[in-house]
Amino acid sequence: MNGTASPSASVPASASWDDLVAAALLGTERRTPPVTPRPGQDAPSALLDAAALSTVRRRAGLRPAPARPVPDRAPVDPRPGLPLAARSRLAMLLADRSAPGRGGPRSAPDLAELLPQWLTLANEHGYGVPDALLPALLDAARARTDLRPEALTLGGPRALWLARLNPDWKFALRGGAGRGAGPAPLTAPADSADPAPANVQRLWEEGLFAERVSLLTAARHHDPAAGLALLSGTWSTERAEDRLMFLDSLRDDLSPSDEEFLEQALSDRSRNVRATAAELLSALPGSALAARMAERSRGCVSLTGDGQIAVQAPAACDSGMERDGIVAKPPSGRGERSWWMGQLVEATPLDRWSEWFGGRGPAEIVTLPVADGWRADLHAAWCRAAVRQRSAPWSRALLGTPAVAPASVSGDAPPAAWRDPAKLLSALPAGERAEWVAEFIASHGLSDAFRLLGVCAVPWAEPLGRAVVDALDIARDAGSYPWSFSGVMGLAERCLDPGQADRLEVLTAIPDEAEGAAPGAGGYWAEAFQRLVETLRLRATMRAELAPPD
């Protein structure tokens, strides 16, 4: 360059930036650009020179905007930071989540599926996330709703602070801020008339919705009465959708002291709020609503002198029943009277049936004959009541033995569409749940076991893990492809005890192809088991990396 600027294309004053852009998009052959080329210059070059000149002109003429206010300082997160190896692991998991079209071998672990488990383990140790990884963590939670509770818990108060500065992360400000992610309520002095200290009361009245949900949840865990007092103080001014969310947060620490508040909520303007209040009251066996439902049920269901259960469904749904949460209009294809009767039985305390049926226990009651074809409706209502009231004896009786085929029941009932083993299992202790599912798999295989496995505690107990692996091994020996069992195999990768990896190594060898087997099935099974073993070992490494230093 000789230091002398070359002459630029002439740009008429009437030519706007939009005119230049339009010519560039359409092409100079289809639209003549609004510029005059210099001698020897072609039209495309002249257009680019004109665009550059126009850009400088526009920037030079831009008036500075007023400075935006500086954000408040990020809150302090007092939790310990992640160990160095765990920090690197989180960065890898988050990077793998956003890597498009990664082409690793089919036997490599799926890191995206391990991220939820890693977050849970990190939160169990009480760690906080490094500031540099907060944006990637919020992006991951934005893309996957299943990550949000654990991700926001790990992110803590700094994640909420950051979410206020980026509209892409506004989801963090709408719902709960994760498990225990909110500030822990402080107890007011004993001689104070204020049920909550000033900082807690101010956050409850002025905070974002996510902060308020988190605060209420934490307050209920710390002091249920104080949490209820916070909610009662502003209940009448809350929006219907907010009242529903706040009411649902009472579920985990529900106690008889909540009954008065919930009784008042039965008269709420919102139908959903009324229904939730009725559901919570029915989970309190000593509540007045439970007593009213029991009295109605006793008039509908009775034990005859010959040991048979007779059902006389209600003839109408009155206003009192509707106030207590009975939905008057049944779903399509369902009769009104059976619909009302089922809701009454579902809300009746289960111990009343033993009282009314001569002291019989749940196992005896469910075997009693039911007159006039009401068995399926009655047992369906008992199933829902057992799940709602978390009754292990009733769930155990209604489940029956694992060896019984899942789609049949004894007596006059049709196939057991009313029985949901997965929900009933959730009311049993974790060990008993695992044993039941293990026996079920041993009797019926894996085809109907996917939902049952989903309610078992992680990592799976040894009998359950052994039953799953044995069933997969049997499927491999049968010569089928592993794709039919991909869902169960994925669960096994996430839920089997990582300590089982060495024992499973033998399954990674390619077996001899049996007669009649699908072509190449043995190789595909070997790859699937190799991925299972590698995933289990990676989970063990992740757990070790999160262990606090000595």
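User: Which residues make the nonpolar surface patch of about 280 Å²?
Analyst: Trp17, Val21 and Leu25 make that patch. Nonpolar patch members (Val, Leu, Ile, Met, Phe, Trp, Tyr) have over 30% relative accessible area and no salt bridge, and their side chains are joined within 5 Å. A salt bridge is a side-chain nitrogen of Lys or Arg within 4 Å of a carboxyl oxygen of Asp or Glu. Areas come from the Shrake-Rupley method with a 1.4 Å probe.

User: What kind of model is this, and how is it numbered?
Analyst: It is a predicted model, in which local features need pLDDT of at least 70 and side-chain atom pairs need pLDDT 80 or more, while totals for chains, interfaces and linings use all residues. Residues are numbered from 1 along each chain as its sequence is written, and side-chain values use heavy atoms, without hydrogens or water.

User: Where is tryptophan 17 found?
Analyst: Tryptophan 17 belongs to helix α1, residues 17-26. Helices are DSSP runs (H or I, at least four residues), and strands are E runs of at least two, numbered from the N terminus. Tryptophan 17 counts as partly exposed because its relative accessibility is 30%; buried means under 20%, exposed over 50%, and partly exposed in between.

User: How many helices and strands does the chain have?
Analyst: The chain has 27 helices and 2 strands. Of its 550 residues, 44% count as buried.

User: Why is helix α20 described as largely enclosed?
Analyst: Because 6 of the 8 residues of α20 (residues 392-399) are buried, the rest of the structure largely encloses the helix. Among the buried ones are Trp394 and Leu398. Their cover includes α17, α18, α19, α21 and α22.

User: What is found at the ends of α20?
Analyst: Serine 391 caps the N-terminal end, with a side-chain oxygen 3.3 Å from the backbone nitrogen of tryptophan 394. Glycine 400 follows the helix and has a positive phi, near 75°.

User: What about the largest nonpolar core: how many residues has it?
Analyst: The largest nonpolar core has 102 residues, and Trp353, Trp382, Ile441, Trp460 and Leu464 have the most contacts inside it. Such a core is a set of buried Ala, Val, Leu, Ile, Met, Phe, Trp, Tyr and Cys residues joined through side-chain atoms within 4.5 Å. Another core, of 35 residues, lies apart from it and includes Leu94 and Leu546.

User: And arginine 476, buried or exposed?
Analyst: Arginine 476 counts as buried because its relative accessibility is 13%. This residue is found in helix α24.

How values were computed: Patches are made of residues with over 30% relative accessible area and no salt bridge: like charges are joined within 9 Å, nonpolar side chains (Val, Leu, Ile, Met, Phe, Trp, Tyr) within 5 Å. Buried means under 20% relative accessible area, exposed over 50%, partly exposed in between (1.4 Å probe, protein chains only). Contact means heavy atoms within 4.5 Å. A polar contact is a pair of N or O atoms within 3.5 Å; within protein, one must be able to donate a hydrogen and the other to accept it, and residues adjacent in sequence count only if both atoms are side-chain atoms.
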